[in-house]
Amino acid sequence: MTISAVRRVNLRTQVLDQLREAILAGQLAAGEHLNETELAAQFSVSRGTVREALRALEEAGLAESASRGRLIVRSFTPTEVTELYEVRSFLECGAAVRLARSSDREALADELARALPQEKLGDLSDAVEQDLAFHQRLCELSGNKLLLDKWLELQHQMRVVIFAGAMHQSAVIPIIITRAHHEPLVHVVRSGSELEIITAFADHMKRAGSFWVSQMDS
(Lines give C-alpha, C1' and ligand atoms only; values in the text may rest on other atoms or scores of the structure.)
Protein backbone atom coordinates (compact mmCIF):
# COMPACT_ATOMS: atom_id res chain seq x y z
CA MET A 1 0.00 0.00 0.00
CA THR A 2 1.38 3.44 -0.93
CA ILE A 3 1.66 6.34 1.49
CA SER A 4 -1.09 8.20 -0.37
CA ALA A 5 -3.36 5.17 -0.05
CA VAL A 6 -2.71 4.96 3.68
CA ARG A 7 -3.53 8.63 4.06
CA ARG A 8 -6.77 8.16 2.15
CA VAL A 9 -7.83 5.29 4.39
CA ASN A 10 -7.06 7.38 7.46
CA LEU A 11 -9.08 10.30 6.12
CA ARG A 12 -12.01 8.03 5.32
CA THR A 13 -11.89 6.61 8.84
CA GLN A 14 -11.80 10.09 10.37
CA VAL A 15 -14.77 11.24 8.31
CA LEU A 16 -16.66 8.04 9.08
CA ASP A 17 -16.00 8.35 12.82
CA GLN A 18 -17.19 11.97 12.93
CA LEU A 19 -20.33 11.25 10.91
CA ARG A 20 -21.13 8.19 13.02
CA GLU A 21 -20.65 10.20 16.22
CA ALA A 22 -22.93 12.97 14.93
CA ILE A 23 -25.65 10.46 14.05
CA LEU A 24 -25.42 8.58 17.34
CA ALA A 25 -25.51 11.84 19.32
CA GLY A 26 -28.61 12.95 17.44
CA GLN A 27 -26.79 15.90 15.85
CA LEU A 28 -27.68 14.47 12.44
CA ALA A 29 -31.35 13.59 12.68
CA ALA A 30 -33.14 10.66 11.09
CA GLY A 31 -34.07 11.54 7.52
CA GLU A 32 -31.44 14.27 7.21
CA HIS A 33 -29.72 14.44 3.82
CA LEU A 34 -26.05 13.46 3.78
CA ASN A 35 -24.89 15.68 0.95
CA GLU A 36 -21.62 14.38 -0.47
CA THR A 37 -20.47 17.73 -1.88
CA GLU A 38 -21.26 19.69 1.28
CA LEU A 39 -19.61 17.12 3.51
CA ALA A 40 -16.49 17.07 1.35
CA ALA A 41 -16.22 20.85 1.73
CA GLN A 42 -16.92 20.67 5.46
CA PHE A 43 -14.20 18.08 6.08
CA SER A 44 -11.82 19.47 3.43
CA VAL A 45 -11.50 16.07 1.76
CA SER A 46 -12.34 14.67 -1.65
CA ARG A 47 -15.85 13.57 -2.59
CA GLY A 48 -14.43 10.09 -3.10
CA THR A 49 -13.33 9.93 0.53
CA VAL A 50 -16.77 11.07 1.71
CA ARG A 51 -18.43 8.58 -0.64
CA GLU A 52 -16.48 5.72 0.93
CA ALA A 53 -17.42 6.89 4.43
CA LEU A 54 -21.09 7.15 3.47
CA ARG A 55 -21.00 3.67 1.99
CA ALA A 56 -19.67 2.37 5.31
CA LEU A 57 -22.48 4.14 7.17
CA GLU A 58 -25.01 2.53 4.86
CA GLU A 59 -23.48 -0.92 5.41
CA ALA A 60 -23.68 -0.34 9.18
CA GLY A 61 -27.39 0.40 8.93
CA LEU A 62 -27.04 4.08 9.87
CA ALA A 63 -27.81 5.54 6.45
CA GLU A 64 -30.15 4.59 3.61
CA SER A 65 -30.93 5.52 0.02
CA ALA A 66 -33.81 7.90 -0.61
CA SER A 67 -35.42 9.46 -3.68
CA ARG A 68 -33.31 10.88 -6.50
CA GLY A 69 -30.27 8.94 -5.37
CA ARG A 70 -29.89 10.86 -2.13
CA LEU A 71 -28.42 9.25 0.98
CA ILE A 72 -30.07 10.11 4.29
CA VAL A 73 -29.67 9.24 7.97
CA ARG A 74 -31.69 6.08 8.40
CA SER A 75 -35.25 6.30 9.67
CA PHE A 76 -36.68 3.22 11.33
CA THR A 77 -40.24 2.05 10.77
CA PRO A 78 -42.36 0.90 13.73
CA THR A 79 -41.94 -2.68 12.54
CA GLU A 80 -38.14 -2.33 12.42
CA VAL A 81 -38.04 -0.88 15.93
CA THR A 82 -40.20 -3.70 17.24
CA GLU A 83 -37.96 -6.27 15.56
CA LEU A 84 -34.83 -4.60 16.93
CA TYR A 85 -36.14 -4.88 20.47
CA GLU A 86 -37.26 -8.46 19.89
CA VAL A 87 -33.69 -9.39 18.95
CA ARG A 88 -32.38 -7.51 21.98
CA SER A 89 -34.85 -9.47 24.09
CA PHE A 90 -33.56 -12.79 22.77
CA LEU A 91 -29.95 -11.79 23.43
CA GLU A 92 -30.47 -10.30 26.87
CA CYS A 93 -32.77 -13.06 28.12
CA GLY A 94 -30.04 -15.51 27.14
CA ALA A 95 -27.37 -13.43 28.86
CA ALA A 96 -29.40 -13.13 32.07
CA VAL A 97 -30.12 -16.87 32.15
CA ARG A 98 -26.39 -17.57 31.83
CA LEU A 99 -25.78 -15.38 34.89
CA ALA A 100 -28.49 -17.21 36.81
CA ARG A 101 -26.98 -20.60 36.00
CA SER A 102 -23.51 -19.57 37.13
CA SER A 103 -22.14 -20.78 40.45
CA ASP A 104 -21.06 -17.13 40.92
CA ARG A 105 -24.61 -15.81 40.48
CA GLU A 106 -24.54 -13.59 43.58
CA ALA A 107 -21.24 -11.98 42.60
CA LEU A 108 -22.44 -11.47 39.03
CA ALA A 109 -25.68 -9.92 40.26
CA ASP A 110 -23.60 -7.56 42.42
CA GLU A 111 -21.55 -6.59 39.35
CA LEU A 112 -24.72 -5.97 37.37
CA ALA A 113 -26.14 -3.86 40.20
CA ARG A 114 -23.04 -1.65 40.04
CA ALA A 115 -23.90 -0.91 36.42
CA LEU A 116 -27.40 0.38 37.25
CA PRO A 117 -28.13 3.94 36.09
CA GLN A 118 -27.53 6.52 38.80
CA GLU A 119 -30.42 7.86 40.86
CA LYS A 120 -29.77 11.39 39.64
CA LEU A 121 -29.12 11.49 35.93
CA GLY A 122 -27.65 14.34 33.94
CA ASP A 123 -29.17 15.24 30.61
CA LEU A 124 -31.02 12.91 28.27
CA SER A 125 -27.82 11.90 26.48
CA ASP A 126 -26.24 10.86 29.78
CA ALA A 127 -29.34 8.86 30.70
CA VAL A 128 -29.28 7.01 27.38
CA GLU A 129 -25.60 6.15 27.77
CA GLN A 130 -26.14 4.82 31.29
CA ASP A 131 -29.11 2.77 30.13
CA LEU A 132 -27.16 1.14 27.30
CA ALA A 133 -24.10 0.67 29.53
CA PHE A 134 -26.21 -1.41 31.93
CA HIS A 135 -27.44 -3.69 29.16
CA GLN A 136 -23.98 -3.98 27.64
CA ARG A 137 -22.59 -4.95 31.05
CA LEU A 138 -25.22 -7.68 31.30
CA CYS A 139 -23.99 -9.16 28.03
CA GLU A 140 -20.35 -8.82 29.08
CA LEU A 141 -21.03 -10.66 32.35
CA SER A 142 -22.66 -13.53 30.46
CA GLY A 143 -19.19 -14.60 29.35
CA ASN A 144 -20.48 -15.36 25.84
CA LYS A 145 -18.33 -13.36 23.43
CA LEU A 146 -20.49 -14.08 20.38
CA LEU A 147 -23.61 -12.91 22.23
CA LEU A 148 -21.82 -9.70 23.23
CA ASP A 149 -20.57 -9.14 19.68
CA LYS A 150 -24.10 -9.47 18.31
CA TRP A 151 -25.41 -7.02 20.91
CA LEU A 152 -22.68 -4.53 20.04
CA GLU A 153 -23.58 -4.82 16.36
CA LEU A 154 -27.04 -3.51 17.24
CA GLN A 155 -26.03 -0.68 19.57
CA HIS A 156 -25.59 1.96 16.85
CA GLN A 157 -29.09 1.29 15.54
CA MET A 158 -30.41 1.40 19.11
CA ARG A 159 -28.97 4.89 19.58
CA VAL A 160 -30.50 6.16 16.33
CA VAL A 161 -33.92 4.87 17.40
CA ILE A 162 -33.62 6.26 20.93
CA PHE A 163 -32.39 9.71 19.92
CA ALA A 164 -35.01 9.95 17.16
CA GLY A 165 -37.68 9.24 19.78
CA ALA A 166 -36.01 11.48 22.34
CA MET A 167 -36.56 14.48 20.07
CA HIS A 168 -40.19 14.39 21.25
CA GLN A 169 -39.26 14.22 24.94
CA SER A 170 -38.40 17.90 25.51
CA ALA A 171 -35.33 16.83 27.52
CA VAL A 172 -37.53 14.84 29.94
CA ILE A 173 -35.89 11.53 30.83
CA PRO A 174 -38.30 8.64 30.09
CA ILE A 175 -39.01 6.29 33.00
CA ILE A 176 -37.95 3.30 30.88
CA ILE A 177 -34.29 4.33 31.02
CA THR A 178 -34.17 5.18 34.74
CA ARG A 179 -32.68 3.18 37.59
CA ALA A 180 -36.12 2.27 38.95
CA HIS A 181 -37.02 0.56 35.70
CA HIS A 182 -33.83 -1.54 35.77
CA GLU A 183 -33.58 -2.57 39.42
CA PRO A 184 -36.16 -5.39 39.04
CA LEU A 185 -33.92 -6.95 36.39
CA VAL A 186 -31.09 -7.27 38.89
CA HIS A 187 -33.48 -8.76 41.44
CA VAL A 188 -34.68 -11.52 39.10
CA VAL A 189 -31.11 -12.41 38.13
CA ARG A 190 -30.26 -12.68 41.80
CA SER A 191 -33.32 -14.91 42.37
CA GLY A 192 -32.04 -17.49 39.91
CA SER A 193 -35.52 -18.24 38.57
CA GLU A 194 -35.13 -18.69 34.82
CA LEU A 195 -38.87 -18.30 34.18
CA GLU A 196 -38.98 -15.02 36.10
CA ILE A 197 -35.84 -13.82 34.34
CA ILE A 198 -37.20 -14.51 30.87
CA THR A 199 -40.55 -12.93 31.75
CA ALA A 200 -38.95 -9.82 33.27
CA PHE A 201 -36.44 -9.18 30.49
CA ALA A 202 -38.94 -9.91 27.71
CA ASP A 203 -41.43 -7.50 29.29
CA HIS A 204 -38.73 -4.86 29.77
CA MET A 205 -37.78 -4.99 26.10
CA LYS A 206 -41.38 -5.11 24.89
CA ARG A 207 -42.25 -2.01 26.92
CA ALA A 208 -39.12 -0.19 25.73
CA GLY A 209 -39.81 -1.03 22.09
CA SER A 210 -43.45 0.02 22.41
CA PHE A 211 -42.43 3.29 24.05
CA TRP A 212 -40.03 4.31 21.29
CA VAL A 213 -42.54 3.29 18.63
CA SER A 214 -45.11 5.53 20.32
CA GLN A 215 -42.64 8.44 20.15
CA MET A 216 -42.40 8.01 16.39
CA ASP A 217 -46.09 8.84 16.16
CA SER A 218 -45.88 11.85 18.49
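Biologist: Is alanine 96 buried or exposed?
Modeller: Alanine 96 is buried, with a relative accessible area of 0%. Buried means under 20% relative accessible area, exposed means over 50%, and partly exposed lies in between, using a 1.4 Å probe and protein chains only. This is a predicted model, in which local features need pLDDT of at least 70 and side-chain atom pairs count only at pLDDT 80 or more, while totals for chains, interfaces and linings use all residues. Residues are numbered from 1 along each chain as its sequence is written, and side-chain values use heavy atoms, with hydrogens and water left out.

Biologist: Where is alanine 96 found, and which residues does it touch?
Modeller: Alanine 96 belongs to helix α4, residues 78-101. Helices (H or I, at least four residues) and strands (E, at least two) are DSSP runs, numbered from the N terminus. Leaving aside residues up to four places away in sequence, alanine 96 touches Leu138, Val189, Ile197 and Phe201. Contact means heavy atoms within 4.5 Å.

Biologist: Let us turn to helix packing. How do α5 and α6 pack?
Modeller: Helix α5 (residues 105-114) and α6 have their axes 9 Å apart, at an angle of about 155 degrees. Axes are lines fitted to C-alpha atoms, for helices over the stretch in contact, and angles run from 0 to 180 degrees between N-to-C directions. The two helices, α5 and α6, are therefore roughly antiparallel. Angles under 35 degrees count as roughly parallel, over 145 as roughly antiparallel, 65 to 115 as roughly perpendicular and the rest as oblique.

Biologist: Which residues in α5 and α6 meet?
Modeller: From α5, Leu108, Glu111 and Leu112 meet Phe134, Arg137, Leu138 and Leu141 of α6.

Biologist: And what is the angle between α6 and α8?
Modeller: Helix α6 (residues 124-141) packs with helix α8 (residues 179-191) at about 10 degrees, and their axes are 11 Å apart. Helices α6 and α8 are therefore roughly parallel to each other. Here Asp131, Phe134 and His135 in α6 meet His182, Leu185 and Val186 in α8.

Biologist: A new topic: how many aromatic pairs does the structure hold?
Modeller: The structure holds one aromatic pair. The ring centres of phenylalanine 211 and tryptophan 212 are 4.8 Å apart and the planes are at 80 degrees, so the pair is edge-to-face. Rings of Phe, Tyr and Trp (its six-membered ring) pair if their centres lie within 6.5 Å; planes under 30 degrees apart count as stacked, over 60 as edge-to-face and the rest as tilted.

Biologist: Is tryptophan 212 buried or exposed?
Modeller: Tryptophan 212 is buried, with a relative accessible area of 2%.
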